[in-house]
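The sequence and structure come first.

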Amino acid sequence: MATRGFNYEEGGAVRKIETFPQIERPRRERERREVERPTPVKKSKTYKKAAKEAQQSAGFDLKYTIVLALMVLAVVVSCVIMLSVQTSVESKEKRIESLQEELQDIQADNDAFENKLDSMYSLEDIYTIATGELGMVYSENGQIRYYENEQGDYVKQYSDVPETAD
């Protein structure tokens, strides 16, 4: 079997490809190479032991897998707890905002009612109603009596106040 080899010539002209037939090596040389090939070395016990240790150290063992699974589980549980706490905080913030809005509405209504009451009756209207409709009169000199209570802050009147203080 002949194969072609290529020879290139450098220069300014167009390159020409020249082919040369490949010379076959003699059969003896091929046979000699086959004889010289090294035979496979039998694996020793130490090689097998080292290979086994390398395989065990390179891969995932049971302890490593369990620790890794526990860490992943801890991360997932902490994420779930964090999300639930965050959700409860957000719902409480919304509740606070709604209660604050309700409080502002109630205070605005209260202020409106107070203004309405303040402007409803003037002092002259109150005097006219008290004297005209209810029959009240101003007190005269000598009608005011002072009574000292030694028992407390206020007095409950169960009967008429005596005319003279003894």
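## Exposure and basis

A residue is buried under 20% relative accessible area, exposed over 50% and partly exposed in between, with a 1.4 Å probe and protein chains only as cover. Of the 166 residues of the protein, 1% count as buried. The accessible surface comes to about 17500 Å², and carbon and sulfur atoms hold 56% of that area; accessible areas come from the Shrake-Rupley method with a 1.4 Å probe, and for residues only the protein chains shown count as cover.

The model is predicted: local features need pLDDT of at least 70, side-chain atom pairs count only at pLDDT 80 or more, and totals for chains, interfaces and linings use all residues. Residues are numbered from 1 along each chain as its sequence is written, and side-chain values use heavy atoms, with hydrogens and water left out.

## Fold and confidence

The protein has 4 helices and 2 strands, taken as DSSP runs numbered from the N terminus (helices H or I, at least four residues; strands E, at least two). From the N terminus the order is β-β-α-α-α-α.

Mean pLDDT, the predictor's confidence in each residue from 0 to 100, is 79 for the protein, and 66% of its residues reach 70 or more. Confidence is highest in helix 3, at a mean of 94, and lowest in strand 1 (residues 4–7), at 58.

## Surface patches

Patch residues have over 30% relative accessible area and no salt bridge; like charges are joined within 9 Å, nonpolar side chains (Val, Leu, Ile, Met, Phe, Trp, Tyr) within 5 Å. A salt bridge is a side-chain nitrogen of Lys or Arg within 4 Å of a carboxyl oxygen of Asp or Glu.

Leu62, Ile66, Leu70, Leu73, Val77, Ile81, Val85 and Val89 make up a nonpolar patch with about 730 Å² of accessible area together. Ile66 lies in helix 3 (residues 62–120) and is partly exposed, because its relative accessibility is 45%.

Glu90, Glu93, Glu97, Glu101, Glu102, Asp105 and Asp109 form a negative surface patch. Glu101 is also placed in helix 3, and counts as exposed because its relative accessible area is 51%.

How values were computed:
Lys, Arg positive; Asp, Glu negative; His and termini not counted. Charge placed at Lys NZ, Arg CZ, Asp CG, Glu CD.
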